[in-house]
Amino acid sequence: MEPDSVTSVEVRAGSHSYHALVGPGLIQLAGSSIAEILGPRACAVVSDTIVAPLFGQPLQRTLAAHGLNPILLTVPAGENSKTLEQVSLLCDQMIAAGLDRTSCVIGLGGGVIGDISGFVAAIYQRGVPHVQIPTTLLAMVDSSIGGKTGVNTKSGKNLLGAVHHPSLVLADTDVLQTLPAREFNQGFAEIIKHGIIADAEMFAALGNFDRKDLAPLIHRNVAIKAEVVADDEFDRKGGRALLNFGHTVGHAIERAGNYRQFLHGEAISLGMVAASLVSMKRAGLSRTEQRSLVDLLKKFELPTALPADFPREAIFHALPLDKKFERGEIRFVVTPAIGSARLATDVTMEDIRAAVAEL
């Protein structure tokens, strides 16, 4: 039984159904919440070198108290840990610890950890249950929902992976108090994106955001993501592709900066500015709404322009390697007006080049 301060969103995707809980104190309740769904079993807690010292021990204690015999495995913090090498190392450690097909994997961390731990869960013993405990705002509102897992390669981002839905998502809002301002703010890139593609009212309300409204805001964004996922689980019908607004250019900027210069949300912020410029040309987005998008990103201290010395040509080398290119054609998401989006068939590389030139 969760306290009244905790809310729940049911996520449905094909034959899969699970709940995302949002509220304070959920790490302390993790043992009972997970045991209620999965029962007692051994589990691997996958975290990173920043998050594990903060929340690893409290999580292990509550898991052990409810028969979920945990081992804690850590990887170096950061995007550069999203590799097959790290996945292989984690699997080897789980084998050495005696975990079998009745075990589960718990991801404790941000989007990188959610992606890695989910991929490990998808392939270990041909698939074991996965629980997401996101510790960043960005992961809570976006990557922890929907079952997409994966790792990067030298060629591009998330090119290897699997759709493996979690059994439970626990978004503990208390942990957000530990986030540095830059890490906290990057989560608003995905929140603003959800407003652009699906919720003009929320987009407008963000102009007067009050931190006391954070839990309801996270709940609303989880609900938006859940609704999109329910309609297009495997990103085949085009509906889920709308979640990629800003990501085509954003992912290319991440790679061009060697995943070091910009956080994911910061790169997506830049990608959304580029997408809004393309939207003005190809979808009829008004200059007024385009400016409101840029102004809102600035409110949350997200970048809206590239440094003068950024290797822009590297962006265009990275673009064709993105998953959103199919048969060599661009699947580019545009917005005709705040609150709606569509896949465009007429966006050209020249359009993208022109937009990047304005960043």
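Me: Is Cys43 buried or exposed?
Reply: This is a predicted model, and the accessibility here is computed from it. Buried means under 20% relative accessible area. Cys43 has 0% relative accessibility, so the residue counts as buried.

Me: How far is the sulfur of Cys43 from the closest cysteine sulfur?
Reply: The closest cysteine sulfur belongs to Cys104. A disulfide needs the two sulfur atoms within 2.5 Å. The gap to Cys104 is too far for a bond, at 4.5 Å.

Me: Which cysteine sulfur is nearest to that of Cys91?
Reply: Cys91 is in no disulfide. Cys91 counts as buried, at 12% relative accessibility. The nearest cysteine sulfur is 14 Å away and belongs to Cys104.

Me: How many disulfides does the count come to?
Reply: The cut-off is 2.5 Å between sulfur atoms. Cys43 and Cys104 are too far apart for a bond. By this rule the number of disulfides is zero.

Me: How many residues separate Lys193 and Glu190, and what is that in helical turns?
Reply: Their side chains meet in a salt bridge, 2.7 Å from N to O. An α-helix has 3.6 residues a turn, so residues three or four places apart point the same way. Lys193 and Glu190 are three residues apart in helix 6, which means a separation of about one helical turn.

Me: Is Glu190 buried or exposed?
Reply: Its salt-bridge partner is Lys193. Lys193 is buried, with a relative accessible area of 1%. Glu190 has a relative accessible area of 0%, so Glu190 is buried.

Me: How far apart in sequence are the parts that Asp351 and Lys281 tie together?
Reply: The side chains of Asp351 and Lys281 meet in a salt bridge, 2.6 Å from N to O. Asp351 lies in helix 13 (residues 349-358) and Lys281 in helix 10, so the pair ties together parts separated in sequence by 70 residues.

Me: Which residues are linked with Glu79 in a network of salt bridges?
Reply: The structure holds 16 salt bridges. Glu79 forms one with Lys82, with the closest N and O atoms 3.7 Å apart. Both Glu79 and Lys82 are buried. The residues linked with Glu79 in the network are Lys82, Asp115, Lys157 and Glu254.

Me: What reach does helix 8 have from its first C-alpha to its last?
Reply: Helix 8 (residues 214-231) has 18 residues. At 1.5 Å a residue, the expected span is 26 Å. The reach in the model is close to that, at 26 Å.

Me: What covers the buried residues of helix 8?
Reply: The buried residues of helix 8 include Leu214, Leu217, Ile218 and Asn221. Lys225 is also one of them. Their cover includes strand 1 (7-13), strand 2 (16-23), helix 5 (137-143), helix 6 (181-198) and helix 7 (200-205).

Me: Where does Arg126 lie?
Reply: Arg126 has a positive phi of about 65°, although it is not a glycine. Arg126 is exposed, with a relative accessible area of 83%. Its place is the loop between helix 4 (111-123) and strand 6 (130-134).

Definitions and conventions. Residues are numbered from 1 along each chain as its sequence is written. This is a predicted model: local features need pLDDT of at least 70, side-chain atom pairs count only at pLDDT 80 or more; totals for chains, interfaces and linings use all residues. Side-chain values use heavy atoms; hydrogens and water are left out. Buried means under 20% relative accessible area, exposed over 50%, partly exposed in between (1.4 Å probe, protein chains only). Helices (H or I, at least four residues) and strands (E, at least two) are DSSP runs, numbered from the N terminus. The expected span of a helix is 1.5 Å times one less than its number of residues. Contact means heavy atoms within 4.5 Å. A salt bridge is a side-chain nitrogen of Lys or Arg within 4 Å of a carboxyl oxygen of Asp or Glu.
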